[in-house]
Each structure stands twice: as C-alpha cells, then as structure tokens.
Amino acid sequence: MTDISAPRPSITPATPFVSTAFHEPQPAPVSTRGPILWARQHLFGSVPQVLLTLFGIWLVYVTVPPLIKFFLIDAVWTGTNRDACLAEKLGRPVGACWPFIWAKLDQLIYGFYPASERWRVNVVYWLGALLLLPLLIQSLPYKRLNAIAFFGVYPVVAFVLLTGGNLDLQRFVLGWLGVDFSTIGGAQGLRIGFWVDYVLSTVLLTAIAFGISRFLAGPEGGRSAAQTTLSVLGVLAVVLLAVDIDTGLPQVETRLWGGLLVTLVIAVTGITVSLPFGILLALGRRSKLQLVKWLCIIFIEFWRGVPLITVLFFATYMLPLFLPGRFTIDGLLRALVGVALFASAYMAEVVRGGLQAIPKGQYEGAMAVGLRSGLMMRLVVLPQALKLVIPGIVNNFIGLFKDTTLVLIVSIFDLLGSMRAAFTDPNWASPTTLFTGFGFAGIIYFVFCFGMSRYSMALEKRLDRAQRH
Amino acid sequence: MKRILLAAAGLLSLAGAVQAATLDDVKARGALNCGVTQGLPGFSSPNDKNEWSGLDVDFCRAIAAGIFNDPTKVKFTPLSAKDRFTALTSGAIDVLSRNTTWTMSRDTTLGFNFAGVMYYDGQGFLIRKSVGLKSAKELQEASICVQTGTSNELNVGDYFRANNMKYREVIAFATLDETVKAYESGRCDVFTSDKSQLAAVRLKLTNPADHVLLPETISKEPLGPLVRHGDDQWFDLVKWTYFALLNSEELGITQKNVDEMVKSENPDIKRLLGTDGKYGEGIGLTPDWVVRIIKATGNYGEIYDRNVGPATPLGIERGLNNLWTKGGIQYGPPVR
C-alpha cells in the first residue's frame, strides 16, 4: 500500500451486501486446540518425541494388559486351599491366587497377636488415623491440642493397649542408687515401694537442681530450675502411672506382634523420633562448643558408617551374651532403638544441608534485631531450613518405611516377613502364590509411600508461597 | 569372623554352664523357648489359624506337653540359618528344632548335643524331563541352582569332585522361593536341595509333571533337635521325648487310644506310660509324662503323617523315616 491515492474499489449503493445473520464464532481449527493440539505439542512435536511416545505406548502395551490379566481376569477369588489355585484342577490358566491373601490376611495385619485381643490393635490403628489426619489437614483448628494428643498422649495409650501395660516397675533413681524400697507394700503390679522411691527421688532431684542453679544463677535461676525439674518429673509420673497400672488387659509380648502392626510401629516410631533428634544433632554438629560438636560428629558418623543389619544382629544375639544374668531387653524394643538411632543420624545430615543453605544474612539479621541464639534458630533459621529440605526429609521417611523389612533378620516378622512365612505353608503352595503375595505387599507399601510423597509435595507447595514465580 | 564370634559365644556359655538347670528355668518361665525356621513347608510354618505348625514345631509342642501338660506353652522363635546357633548358645532358646543337620563339628566344637533324628533327609536333584537325563552322574557341564548358605551348596561341590565331573556354574539364591523361580525360568538346568524341600518345590512349579527327581541321594542329612552343652538332664529330657514318640508308635499308642492303653497289661506299654515304674522322674518329670505327650501331639507316625506324609500336599513317603520294624531306621531304645 504505497500508493495512497489509488482509487478505492467503488461501492455501488444499489446492491450493498449486508449480512443479516449474525455469524456464530467458529471454533478454532481442530488441529490447533483441545486434545489434538495437546497431543501435537506434547506427544508428537518432534521426531525424538514421536519415537519416545511410541516407545511409551509399547511399554504400556506389554506391561499393563498382562498385569490386569494376571491380577484380575485370570485371578482366582475364592477357595480354601491350594487346589483352588491350580491350573490343572481348574482347566484354565490361573492368575493371582487371592484366597491365599484372604486366608493369611490376619497374619499379615496382626502377626501372631492373639485373636481375642486383636481389637486392641484395631483401636490403636483407628485412634492413630483419627488423630493424625486432622493434624495433617491445615485448615482444621486445635493444632496445638491435636499435636499434644498425637505426640504425647497417643504413644502412651498405644503402648498400654498393645502390650497390656502393667509394667510392674520396681525402682526409680534411689532404687538404682542402692536405697531399695521395692519390698514396701504390694509385691506386684502397682508397687507402693516404687512410688515412695519416686516421690523421694523427685524431692531429691528438685533439691539438687535448685541448689546448683541457685549457686550458679542466683535465687531466680534456682526457682526456675526447681520448677522445670518438678514439672518434667510430674509429667513423667503420669506416664509411668499409665504404664504401671494394672489395666486388666492380658499382656501380649512383642514376640507375638507381626505383619503390618510391626511395620507401622517401627516406621512411626522411627519417623517421629528421628526428626527432633536429627534436628538436635544437626544443630549440635554446627555448635561452637567443641565437646558437643565432636560428640555429635562421632554419633552421626558412627551410625552412618555401620550397616543397620549389623547393629540389629549384635543387639539381638550378642548383647545377651554380655549382659549379666537374666537381664534382657525386649527384642522389638532393641530393633526400635536401633532403627531410631539410625534414622536420626541420617536425618541430622539432611537437616544440616538445609542449615547450610540459609544465607549468612539471615543469621546476622536475626542477631541485629536482638534475638538470642535459641530464638534465632527457632524463629528465623530452622523454619526456612526445614522448608528447604522437605523433599530430603520425606525421602528419609520413605526409605525408613521400607527399611523396616530388615528386622526380619532378627526374627521379627514385619509385613514382608509375615508374607514370606505365609509362602511356606504347604497348603497354599502353588505356582502363583509367590507373585500374588509380593504383588499384594507391593500395593500396601506403595499406598503408604505414595501417600507420604504426595503429602510432602502438597506441603512444599503450601510453604513455598514466598518463592513461587 | 563368624567362627570367632561363635567361639567367643561358646566360651561365654561355658562360663555360664554352672547356671541353674534349663528345666527349672523353663518351669519358672512357664513356657519352652523353641527355635524354629522362618518358614519351611512341612517343618515349621504359620498355618491359616495363625499358629505355627509342622514336624519341628510338633516336637517342641511334645516337649511342652511333657513338662506342662499343655502343648501351647511354647514360645517359638523363628531363626534364620545364620542366627540359629548363636540363639541357642546365648540362651535365647532352650531347644533348636530347626531342620538342622547333625554333623560332627556342630555336635562337638560348636558345643551342642543332638537329641535324635526327627527326619532322615538327603540331598537330591530336580531336573526338567525335557533334558532327558537319567542319573546325577550325567550332570557334566550342568548349571545348578541352589540356596545360598546351606550345606547343599558344599555337597554339590563335593559330589562333583568325588565323581570327577565338572559343572558349568553353581548359581546361589538367598531364599528358596527365588531359587525355585530361577530354576523354573530356565536360569539353570537342575535344582538341588534336600529331598523334603524338593517335594515342597514341586508344589510351586507350574507344570510339576514336566520335572523329575533324579534317583541319587548325594548326602546324608539327619535333621534333628539340639540343645546346648552343659545341661545333661535337659539333654536327656529332649532326647527321651523323641524316643517316647518313636516307642509309642511302635507299641501302637495313638492320640485316640492312649486312654485305653493306660489300662493295658503289656509290660512295655506299662513302663512307657508310667503305670509301672517311675521312669519319667529320671528326666525330672512325672511318671505319666508320655501320656501327656501323646494326648497333645500323637506319636511319631501321627506327627509325620499330619505334616509331611502322603496325605498332605507334600506327600512324602515314610521311607527311611519308617520304624525299624517296617523297613525304616527310626529306632527308639527301650524304656526300662
């Protein structure tokens, strides 16, 4: 259009074309919208993409239909023994042998826990779920109360329910120091002697704390130290009373626990213990106090350097050789302690990674507004550091959850161990029993691990507001 | 390393040998601590009712019945092949009834006493029919699947060396199930294990008819319960529990007819069931200890038939494990 003066096409007023109908907007061409556009952009955009897509389709084709065929279409759903799952008896190819799982389900969930007492395990399962879910959903109120209930009260309740409580405690601090009260009063159950011991020990410890703090920090410090000691021992007394009292529930040894129960007990204990301990260790490792620092380094490096299997084995079979007389520690407890120490050491390094990612300016800023080092960590550094390492923390949790299967080597049957034991029942030995069992165990592990993974991603998203682009 | 640990464990147990008698400990505890496998078809495995069952399990129940008149007073500790001896040495269990082969070194230097042979086993070979071999002597250049950490692994080497043969490779797997699947998928030509296990393995094969057992038995595997050195009374108790099971079968005393048999006039039966003499007191029990045992578990034949016999899925014939009167080698010394 360089020549502006060019004559315009003449419009004859006699026959103007005026559209009388309103043209509906037409949809964009098929190839530029909707699923086809998406497919063109995401699946067939370039030659390598096309190849990858075809490879993916092939992969799905070769894996998914056979799995569905095996686990659903060809599967056997009912039966009372191996005959139900034998191809030669049924006259057709046999897939998964689900009646094997139904028959062994109790074993997989409770282990050898006595049938008449299984309601206790169920209560623990449900109570845990009821307390944990509202804790995870951010919009629900009473977080503080909920946290106290889950982390403080629930473990004690679960302990009493699962073991039966009635620990028959005999001696507290003074008892171990040689002043024996255990003969006073009742000889079993809630011993009066123990509680006399407890009260006297409390008085003694409070007095010591008061004396030392008063000497070091004056009367004010003395009073606060005494208060702290009293309240700690007070809470401890409530806990001890709960586990010491005779609830009338029959005792169930941990030897009888098994299956999912053991897996969850170990995983939940490991997870809830490892986070706070891991944080403390990570802080300790960065401490300026040389003693604390080196103790933390030694602890972390030791536990990271020794295989878990070795520790479990030593704790279970070698420890009794070195301990005097009939002094034994419960087998599951040993495994729990081992796993918790392990997980803590790993967690410490994850948290340390987060701490190192916090720029120095944050520390300096916190100091500039006059925060003491404890507050600085709690209010400024840790919230940022922990947020950064959520993927690492959850990675540890998931790893820990799956590592629980190692307790099989010290003869504790977790979910997978119970499954392996179930395989050896000759009444259910069939060609597909093994695949069915591992498939089922895989599904359960996946549900838990995938759940943790999704929750952590949601959490990251929620906490990431400040840095979202 | 393992040897050193076991030696150390042995020394410590010697130091503790003067402790109280095992029987007293068991009575005080109110239960027998029995080591079993972590699952072995027919010998010890959890059943659908969530109880341990099997030949090895029933033996521990028999001991408990003899002591407490209650076969449920047993605490079973499932042990892996590696941990079983440490568990017994450390006192974590009172008796190891875990499919363990009686060998000289175990009986002597490791510091154990074998109380008898609950099951005479031997190592055999399972092979695909299509390979077309008739004898283990033809296994030249074969690849062999075996479970790792078992004496089977060593026996194969010995057998091939003794017969001047060469195998292509021995492929070892951690668990029985993995070994079976490997054999089935064609990873190796032949599968070797104790014959009782091969019977269990056949149950897991897709086409059991396509596989045959070679006739040779290449090793002796006398499997039996064992106890620690240092407590002869306890050793006697375990040993005679085993003999009582055998003698009961020989005399025709069963779970069903034991109450009638108590009234029997046969002097052998009278001595065994304690109506004549007080032989049970010799092992620290009451004279009618065998009555309690048989009521709880039945005699040896009943235990065998219930767990591994022809009527079970395993379907193993008695063979060597028959009584000496019926062509086997199970033989109980007389009670007198």
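**A helix crossing in chain A**

Author: α4(A) passes α17(A) in a right-handed crossing. This is a predicted model. Start with the two partners. Helix α4 of chain A covers residues 98-110. Helix α17 of chain A covers residues 433-463. The two pack at an angle of about 60°. Their axes are 9 Å apart. Angles under 35 degrees count as roughly parallel, and 65 to 115 as roughly perpendicular.

Now the residues. From α4(A) come A:Trp98, A:Phe100 and A:Ile101. They meet A:Thr433, A:Thr436, A:Gly437 and A:Phe440 in α17(A). Sorted by class, this contact of α4(A) with α17(A) holds four nonpolar and three polar residues. It has no charged residues.

How far can the prediction be trusted here? Among the elements of chain A, α4(A) has the highest mean pLDDT, at 94. The lowest, 74, belongs to helix α7 of chain A, residues 173-177. For chain A the mean pLDDT is 86. In that chain, 92% of the residues reach 70 or more.

Take helix α9 (residues 259-285) and helix α12 (residues 331-357) of chain A. Their axes come within 6 Å and cross at roughly 45°. α9(A) and α12(A) are therefore oblique to each other. Their crossing is right-handed. The residues of this contact divide into 18 nonpolar, five polar and two charged.

The other pair is helix α6 (residues 143-163) and helix α8 (residues 192-244) of chain A. These pack at an angle of about 15°, with their axes 9 Å apart. α6(A) and α8(A) are therefore roughly parallel to each other. Their crossing is right-handed. On the α6(A) side, A:Val156, A:Phe159 and A:Val160 make the contact. On the α8(A) side, the residues are A:Val239, A:Ala242 and A:Val243. By class, the contact of α6(A) with α8(A) has six nonpolar residues, no polar ones and no charged ones.

Next, the partner chain. 33 residues of chain B are in contact with 24 residues of chain A. Several elements of chain B each supply at least two residues to that side, among them α1 (2-15), β4 (74-79) and α8 (195-204). The largest share, four residues, comes from β4(B). By class, the side of chain B that touches chain A has 14 nonpolar, 13 polar and six charged residues. For the complex, the predictor gives an ipTM of 0.83 and a pTM of 0.83.

Chain B has a mean pLDDT of 89, and 94% of its residues reach 70 or more. One stretch needs care. Over residues 1-19 of chain B the pLDDT is below 50. Beyond near neighbours in sequence, this stretch has 16 contacts in the model.

One record entry bears on chain B. UniProt, in an unreviewed entry, places "domain: Solute-binding protein family 3/N-terminal" at residues 31-261 of chain B. The end C-alpha atoms of that span lie 28 Å apart. The span is 34% helix and 26% strand.

Notes
Residues numbered from 1 in each chain as written. Chains lettered and ligands numbered in written order. Predicted model: local features only at pLDDT ≥ 70, side-chain atom pairs only at ≥ 80, totals over all residues. pLDDT = per-residue confidence, 0-100. UniProt positions renumbered as here; feature names shortened; annotations may be inferred. Axes fitted to C-alpha atoms, helices over the stretch in contact; angles between N-to-C directions. Left-handed = near helix turned anticlockwise from the far one by under 90°. Contact = placed C-beta atoms within 7 Å. Nonpolar A, V, L, I, M, F, W, Y, C, P; charged D, E, K, R; others polar. Parallel < 35°, antiparallel > 145°, perpendicular 65-115°, else oblique.
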